[in-house]
Amino acid sequence: MTLLEARDLHVQFASRGRRARAVDGVNLTVGEGEIVALVGESGCGKTTLARTLLGLERPASGTVLYGGAPLAYSTRALKAYRREVQLVPQDPTGSLNPRHTVYEAVAEGPRIHGLRDERERVASALSRAGLRPPERFFPVYPHELSGGQRQRVVIAGALALDPRVLVADEPVASLDASVRGEILSLLLRLRAELGLSALVVTHDLGLAWNIADRVAVMYLGRIVESGPVEQVLSAPSHPYTQALLSVLPDSPAPIVLGGEPPDPTRIPGGCRFHPRCHVLASGKAAEAGVDGLCRSQPLEILPSSTELRAACHYARARQPQL
Amino acid sequence: MAVTYRSAAGDVPAVRGVSLEVAEGEALGLAGESGSGKSTLAMALLRLLPKSARVTGEILLDGEDVLRMNWGRLRAVRWASASVVFQGAQHALNPVRRVGEQIAEPLLVHGMATQAEARTRVAGLLEQVGLPAWRARSYPHELSGGQRQRVMIAMALACSPRLIIADEPTTALDVMIQAQVLTLVRSLIADRGIGLIMISHDLSVLAATCDRLAVMYAGRVVEAGPAREVFTGARHPYGRALAEAFPTVGDPSSRMAPRGLGGDPPDPMRLPGGCSFHPRCPAALPSCAWRQVELWPADGVAGDPAGHAAGSTQARHTAACVHVLPEPERSEPERTGPGTPEPGMPEAGMPEAGMPEAEEAGPEAAGGQEVPNAPSAANASGAPDAADIPDDPGAPDARPAKESA
Ligand SMILES: Nc1ncnc2c1ncn2[C@@H]1O[C@H](COP(=O)(O)OP(=O)(O)OP(=O)(O)O)[C@@H](O)[C@H]1O
Ligand SMILES: Nc1ncnc2c1ncn2[C@@H]1O[C@H](COP(=O)(O)OP(=O)(O)O)[C@@H](O)[C@H]1O
Ligand code: SF4
Ligand code: SF4
Ligand SMILES: [Mg+2]
Ligand SMILES: [Mg+2]
C-alpha cells in the first residue's frame with residue numbers, strides 16, 4: 001500500500017536572476033515497509049525532492065500525499081506530519097549539537113511533541129538504534145562517540161517519535177567504510193522489526209543494492225529510470241543509469257560523463273540528457289532512427305509505477321513497454 | 001616511522017612504526033578507517049604536523065632524510081619535490097581570489113616564473129586537469145566540487161613535483177566526479193612518472209587506482225601488497241572487512257546483505273593489548289589478546305622470511321595476523337618472546353610487540369590502564385634519532401599555497 005507519494009511535483013528556486021527547476025516533474029511512491037533508493041549525481045535534485053516530501057519546501061506545483069491525503073502546510077498539520085515522516089540528515093556530526101548529551105539530543109523530538117514517558121522513549125529509541133545499554137549513552141557528548149555511533153544517535157532521534165517513514169539523506173556517506181554495513185543493516189532491521197518504510201537518498205549504487213527494494217534514478221530534476229533494484233542495477237535501460245553503473249570502481253568499461261555539471265537553470269531541450277548521452281554521441285541512437293527525437297522531443301514524466309520504466313527514446317525503440 | 005601527539009590528556013600514538021616505499025610512476029594506496037593515522041602519516045612526510053607531534057624514524061625523499069632537512073631545504077622540497085592534496089582541500093581554496101592566481105602563487109613565490117610565464121603555465125595546468133583555460137578567472141564558488149578538486153590537483157602539479165600525496169581526494173565527491181578525478185590522477189601518474197600516495201577509506205577506489213595497497217589499523221600497517229591481491233584476497237580480517245564493505249553491484253551474495261564490521265575504532269590512547277584489532281576480530285584466537293604478530297608473507301609462496309624482510313617491504317602480499325603464520329608459529333605462541341626470532345619483518349625502528357609487559361600487566365591486571373603502547377617501546381629501544389620537529393612557521397597550516405615567502 002502506498003504510504004508516501006509525490007504527484008507531478010515541481011520545485012523551483014530563484015538562482016542569480018534565473019529560475020532553477022530543481023525538481024522538474026516527479027512521480028514517486030514509497031509503499032508500506034518498502035525501502036526506495038533515490039540515486040543520481042550531485043545537484044540533480046535529490047535533496048530538494050526529499051525536503052519537499054518532508055514538507056520543508058513548498059512545491060511550485062504538484063502534490064505530496066501521505067496515506068492518500070494531500071499534505072496540508074499549516075504549522076499544526078506539518079507538526080503532526082513530521083511525527084510520521086522523519087528526516088535522518090546527511091551529516092551526523094553537523095546535525096548534533098556538541099553541547100547536548102545523547103539523552104538531550106534524542107529527547108528533543110518527544111519534548112517538542114509533548115510526549116509522555118520521555119525517559120522510556122529515549123531508552124527504547126537508543127536501543128532500537130543499536131546503542132545498548134541505552135543508559136550508558138545518556139550522559140555522553142557527541143565528541144566522545146565514533147562516527148557510526150553518532151549516526152545511530154541521529155537515527156535514534158528519529159525513532160523516538162515512532163515514525164512510519166524515514167527519509168535518510170546519504171545516511172552513510174560521511175561514515176567510514178567499516179561502519180557503513182552496520183548502519184545499513186540497522187535500516188534493514190528497522191524495516192523487519194517495525195515495518196518502517198524508507199526513502200534513502202544517495203549517490204552510492206552499492207547502498208541501493210545492499211538495502212533497497214526499488215530504485216529511482218534522477219537526472220536534472222526528473223526521474224529517468226525506476227524499477228526493482230535487481231532489474232535496474234543488473235540491466236540498466238537508460239544511458240544515464242548505464243553510465244552511473246559503469247564508473248563503479250570494478251567496472252570494466254567506464255563511461256565517464258564529461259562536460260559541466262548539469263545546471264537546473266538551463267535544462268536542455270529534447271531529451272534532457274542528450275548533450276552528455278553516449279548512446280547519441282556514438283551514433284547508436286541514429287542507427288535506431290531516434291537521434292532526431294533525442295534532440296527535439298522531450299520525454300514525458302514517468303508515471304509512478306513499481307514496474308521497470310525508463311524515459312529514453314532509444315530504450316523504448318527496443319523495449320516499447322518502458 | 002612513528003608519530004606521537006603530545007596532548008594534555010597524555011600521549012597519542014597516532015602512527016606506530018610504519019615502513020612504506022613508493023617508486024617513480026607508482027601509486028601506493030593507503031587505506032584504513034577514520035583515526036587510523038592515515039592523514040597524520042601523510043602530513044608527517046613533509047613535516048606539516050603541528051608542534052605537538054613527535055616524529056621518529058626516517059623519511060627518505062630521493063634518499064635524503066626529510067626529518068634532518070633545514071628549514072630552507074624543506075621549503076624548497078615542499079614544492080619542487082613533493083606536494084600534498086589535502087583532505088577536504090576543496091574548501092581550502094581562498095574564496096576571494098581567482099583560482100588562476102592561486103595556482104600561480106607557488107611559481108611566483110619561488111621565483112620559478114615571471115608573471116607572464118606563470119599565466120601560460122596556469123593555462124597549461126588547467127588544461128591538464130581537464131578545465132578550460134578561461135577557468136583561471138573563476139572564483140572557487142563558481143566551480144563544482146569536482147572542479148575545485150581539479151584546481152587543487154593543478155596547484156599540486158604546478159612545480160612539477162616527483163611525488164604527490166593525495167588525502168581522500170574524492171571522498172566527498174559523487175561517483176561521476178570521482179571517476180573524472182581518478183581518471184585524471186591515473187593518467188598523470190602514467191604520463192609523467194609521478195609517484196603517488198593516495199589515501200582513502202574506500203578500498204575499492206584505491207584498488208582501481210593504485211599498484212600497491214597498505215591497510216592501516218590503529219597506527220600500523222596490518223596488510224600490504226599488490227593492489228588487486230589485497231583487494232580480492234585480503235588475508236587480515238580487518239583488510240577483509242574493508243574490502244567487503246562496498247558490495248559489487250549485481251553480486252547476489254551482497255543483495256539485501258550489507259556487510260560491516262562491528263565495534264568501534266580503538267582509542268589510540270587506550271589501545272587494546274596484543275593484536276589491537278582483537279576486540280572486533282571475528283577470527284580472534286585466545287592468544288590474540290596478548291600476542292601481536294608482525295607483518296608476515298601472506299601470498300602462500302614458500303620463502304625465507306628473513307630474505308623477505310631484507311628486501312622490498314611491499315613487493316609481496318603480507319599481513320599481520322596470526323592466521324597467516326606457518327603452523328608451528330601459530331600454535332606455539334610462547335616461542336615468540338624476546339630472544340626467539342620474531343616472525344615477520346623487523347622493520348627499522350619498529351618495536352617488537354612488548355610481549356613481556358603485556359603478559360605481566362595484561363588488560364585485567366592493569367584494570368583499565370591498557371598495555372603500554374608500541375612507540376614508547378620504540379623510543380626506549382633507541383629508535384634512531386627521536387628528533388623533534390623544529391619550529392616550522394608554515395607547517396600547521398593545512399594550505400600548501402599559504403606558505404609565506
Ligand atoms: N593534533 C592532534 N592532537 C592529538 N591527537 C591527534 C591530533 N591529530 C590527530 N590526532 C589523533 O591521531 C589519530 C590519527 O588521526 P588522523 O587524523 O591522522 O587519522 P585519519 O586516518 O586520517 O582519520 P580521518 O580519515 O578521520 O581523517 C586520531 O586518533 C586522532 O584523534
Ligand atoms: N535554496 C536554494 N536556492 C537556490 N538553488 C538551490 C537551492 N537548493 C537547491 N538548489 C539547487 O537545486 C539543485 C538541486 O539541489 P539539491 O536538491 O541540493 O541536489 P542534490 O541533493 O542531488 O545534491 C542544485 O542545482 C542546487 O544548486
Ligand atoms: S533519449 Fe536519446 S539522448 Fe536521451 S538518453 Fe535516450 S538515447 Fe540518450
Ligand atoms: S591476530 Fe588475531 S585478533 Fe588480530 S587480526 Fe589476526 S586473528 Fe584477529
Ligand atoms: Mg544532497
Ligand atoms: Mg584523514
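This is a predicted model: local features need pLDDT of at least 70, side-chain atom pairs count only at pLDDT 80 or more; totals for chains, interfaces and linings use all residues.
**Ligand 2 and chain A**

The shell around ligand 2 is formed by Phe13(A), Ala22(A), Pro264(A) and a run of residues comprising Glu41(A), Ser42(A), Gly43(A), Cys44(A), Gly45(A), Lys46(A), Thr47(A) and Thr48(A). By class, this shell contains 4 nonpolar, 5 polar and 2 charged residues. Helix H1 (residues 46-53) of chain A supplies the largest share of the shell, namely 3 residues.

| Residue | Atom of the residue | Distance to an oxygen atom of ligand 2 |
|---|---|---|
| Thr48(A) | polar side-chain atom | 2.3 Å |
| Gly45(A) | backbone N or O atom | 3.3 Å |
| Cys44(A) | polar backbone atom | 3.4 Å |

Taken alone, ligand 2 exposes 560 Å², of which the protein buries 62%.

Ligand 3 is surrounded by residues of chain A, and its shell includes four cysteines, Cys271(A), Cys277(A), Cys294(A) and Cys312(A). The histidines His238(A), His274(A) and His313(A) also belong to this shell, together with Pro239(A), Phe273(A), Val279(A) and Tyr314(A). The shell of ligand 3 divides into 8 nonpolar and 3 polar residues, with no charged residue.

Ligand 4 is surrounded by residues of chain B. Among them are the cysteines Cys275(B), Cys281(B), Cys288(B) and Cys321(B) and the histidines His236(B), His278(B) and His323(B). Pro237(B), Phe277(B), Ala283(B), Ala284(B) and Val322(B) complete the shell. In this case the division is 9 nonpolar and 3 polar residues, again with no charged residue. Where does ligand 4 sit? Its place is the second largest cavity.

**Backbone geometry**

Most residues other than glycine have a negative phi, and most peptide bonds are trans. Several residues of the model depart from these patterns.

In chain A, the peptide bond from Arg132(A) to Pro133(A) is cis, with omega near -5°. Pro133(A) belongs to the loop between helix H5 (118-128) and helix H6 (134-137).

Glu170(A), although not a glycine, has a positive phi near 45°. Its position is in the loop between strand E7 (165-169) and helix H8 (177-194) of chain A. Is Glu170(A) buried or exposed? Glu170(A) counts as buried because its relative accessible area is 6%, under the 20% limit for that class.

In chain B, Met256(B) likewise has a positive phi, of about 55°, without being a glycine. Met256(B) lies in the loop between helix H9 (237-245) and strand E12 (296-297). With a relative accessible area of 28%, Met256(B) is partly exposed, since this class lies between the limits of 20% and 50%.

**Further positions in chain B**

The loop between H9 and E12 of chain B also holds Ser287(B). Ser287(B) is buried, its relative accessible area being 12%. The C-alpha atom of Ser287(B) is 8.0 Å from that of Gly274(B), and the two residues are 13 residues apart along the chain.

Asp65(B) is part of strand E6 (residues 64-65) of chain B. A relative accessible area of 10% places Asp65(B) among the buried residues. A polar atom of the Asp65(B) side chain lies 3.3 Å from the backbone nitrogen of Ile59(B), a distance within the 3.5 Å limit for a polar contact.

Definitions and conventions:
Residues are numbered from 1 along each chain as its sequence is written. Chains are lettered from A and ligands numbered from 1 in the order in which they are written. Side-chain values use heavy atoms; hydrogens and water are left out. A residue is near a molecule or strand if one of its heavy atoms lies within 4 Å of it. A polar contact is a pair of N or O atoms within 3.5 Å; within protein, one must be able to donate a hydrogen and the other to accept it, and residues adjacent in sequence count only if both atoms are side-chain atoms. Accessible areas come from the Shrake-Rupley method with a 1.4 Å probe; for residues, only the protein chains shown count as cover. Helices (H or I, at least four residues) and strands (E, at least two) are DSSP runs, numbered from the N terminus. Ala, Val, Leu, Ile, Met, Phe, Trp, Tyr, Cys and Pro count as nonpolar, Asp, Glu, Lys and Arg as charged, and the others, Gly among them, as polar. On a 1 Å grid over the protein atoms alone, a cavity is a set of points where a 1.4 Å probe fits but cannot get out, and a pocket is an open set with protein on both sides within 12 Å along at least five of seven lines; lining residues have an atom within 4 Å of a point. A molecule sits in a cavity or pocket if more than half of its atoms lie within 2 Å of its grid points. Buried means under 20% relative accessible area, exposed over 50%, partly exposed in between (1.4 Å probe, protein chains only).
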